[in-house]
Amino acid sequence: MTSPPPPSRSALPVAAHAAIRSGDVPHAVAYLGVIACVLLLNVSGNDVFRLPLSLLSIVAIALSVPRAALLARCIALGFVGGGSLLLWHAGLGWSGWLGAFGDMAYLLALFAALPVLAEPIRLGGYSRAIQALLQRRVHGLAGLNCLTTLMAYLCGSVVSLAAIPIMMACLQPVVERYALDNRMRFMTGASISGYVLPLFWTPVSGVVGMVLHTLRLDWAALFPRLFALSAGCLLINWLIFRLLNARQPSAASVSVSLSVSVSAPARSDPPAVSPWRDLAGMLLGIGLLVAGFVLIETWLRVGLVTVVTLIALPGAFLWCLAIGQGRRFIGEGGQATLARIPRMADQFAVFLAAGFFAAAIRLSGSDAAVNQLFMQLSDAAGAQALVLLIPLMTLAGSFLGLHPLVAIALLADSLRPELLGLSSAQLALALIGGSVLTFMLGPFSGTLGLTQAISGVSAFRLSAWNAPYALGYFLLLGAFLLM
């Protein structure tokens, strides 16, 4: 249910034509209408846009449910039915029912805008520079893992989920030079870890934006802790990889069941073209883009999610223009958007329905009962134990079929940290940390689904491969939460 990476250039005209030919115009109009209304509402603060947003959200759900996958359809109908029951039991009329729609539309606007940020990476040829860097001589497999996760980390900080297919494509010819027992495990592990760790802090992370929006926290104030946690987890990734491989007695006698094994890489000539210039350009583009997000949010004060949504398209265009790819961005980016928006049925069905359910909990007063339940749990186990349980709750929700953003949104919207003996920053760290664990381990999170489609490895096997790293991240997260 996470928005997919942009289609390849060769597929764009066909995909765009198919989108028009298959009668997707009503879906595209409804989805774009929801996005426009929520942006106008958030930027202007004028409640005149709230009623159109609610009406268009109902239309979007009605159009999306028949097209959505079976699991997404069941979740959406369950949320709408459960929310309607709560509002009816609370005695709220049709006006209350109608006003409850549209709560998570801002996330859908973000999902629709984020894929365009992958266009500068693709059009700029930065993946070739990453591949050239990886093909240079490194100090063994551990060195390759450090370099790979670092490159995936940099990509993930701006292109989010698209970092996984980018890194998998870059790694494919590189790992052929190593005598690995399980090349796919190495590629998927490094790509997924590198993608999820920037989600702790990057402005393009829907998790960070949603949690800060719900808890009314400032990104700049929380950034030092979020970045320190993210960097610490990256170091733990490298340490765990070394420990897993240190248990191998030798490259020749290691069992296939272990993580990976390696012999000396085959000799090959170094790339003729140095990748450093292109990589420096990519780092500069990422830095300017993130700085632009933060500065504009500080100026406008309309929320980080709204700013990223508004700036993603012009920011990506300016980046492409600076590298001489502005014309290609306009043509191919427009076709990609035309093809992508109508295919977001799963996201619109689930997130709009989940937003309705979250609003119903709040409007019906049921959030008081939820907080009372958590207060009893806090009294029994202690506030510190409770804050450690919250990431595990989001992970458990993912294994039950909930997208991590849905689970986190429901918790963030229902819990009152001051009643539970927690600070808002603690709750934010727990929710964001729980999302990172869920994106690594949750079979229905979208991350493992995309990786499964690329690698052919089942989501549950990928989850098992990621488990040692997720455990290390959770231990560090717990230390941060208890400080």
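**Entry 1: H10 and H22**

I started with a pair of helices and found that H10 passes H22 in a right-handed crossing. A crossing is right-handed if the near helix is turned clockwise from the far one by less than a right angle, and left-handed if anticlockwise. My helices are DSSP runs of H or I with at least four residues, my strands are E runs of at least two, and both are numbered from the N terminus.

A note on the source: this is a predicted model, where local features need pLDDT of at least 70 and side-chain atom pairs count only at pLDDT 80 or more, while totals for chains, interfaces and linings use all residues. Residues are numbered from 1 along each chain as its sequence is written, and side-chain values use heavy atoms, with hydrogens and water left out.

Back to the pair: the axes of H10 (residues 163–175) and H22 (residues 447–455) come within 10 Å and cross at roughly 30°, so H10 is roughly parallel to H22. Axes here are lines fitted to C-alpha atoms, for helices over the stretch in contact, with angles from 0 to 180 degrees between N-to-C directions. Angles under 35 degrees count as roughly parallel, over 145 as roughly antiparallel, 65 to 115 as roughly perpendicular, and the rest as oblique.

Which residues meet? I found Ile 164, Pro 165 and Met 168 on the H10 side, and Thr 447, Leu 450, Thr 451, Ile 454 and Ser 455 on the H22 side. Contact means heavy atoms within 4.5 Å.

**Entry 2: H18 and H19**

Next I looked up H18 (residues 366–381) and H19 (residues 383–399), whose axes come within 7 Å and cross at roughly 125°. That makes H18 oblique to H19. From H18, Phe 374, Leu 377, Ser 378 and Ala 381 make the contact, and from H19, Ala 383, Ala 385, Leu 386, Leu 389 and Met 393 do.

**Entry 3: the chain as a whole**

How many helices and strands are there? I counted 23 helices and zero strands. Of the 483 residues, 56% are buried; buried means under 20% relative accessible area, exposed over 50%, and partly exposed in between (1.4 Å probe, protein chains only).

**Entry 4: the core**

The largest nonpolar core holds 164 residues, and Ile 130, Leu 134, Val 159, Val 196, Val 211, Met 282 and Phe 348 touch the most other members. H17 (residues 345–363) gives this core its largest share, 14 residues. Such a core is a set of buried Ala, Val, Leu, Ile, Met, Phe, Trp, Tyr and Cys residues joined through side-chain atoms within 4.5 Å. Setting aside neighbours within four places in sequence, I saw Val 159 in contact with Leu 117, Ala 118, Ile 121 and Ile 166.

**Entry 5: Tyr 31**

I then turned to Tyr 31, in H2 (residues 25–44). Is Tyr 31 buried or exposed? Tyr 31 is buried, at a relative accessible area of 0%. Beyond neighbours within four places in sequence, Tyr 31 is in contact with Ala 60, Ser 64, Ile 341, Pro 342, Met 344, Ala 345 and Phe 348. Tyr 31 and Met 344 are 313 residues apart along the chain, yet 8.5 Å separates their C-alpha atoms.

**Entry 6: two arginines**

Most residues other than glycine have a negative phi. I found that Arg 216 has a positive phi of about 55°, in the loop between H12 (206–215) and H13 (219–246). Arg 216 is exposed, with a relative accessible area of 74%. Arg 301 also has a positive phi, near 55°, and lies in the loop between H14 (276–300) and H15 (304–322). Arg 301 is exposed at 53% relative accessible area.
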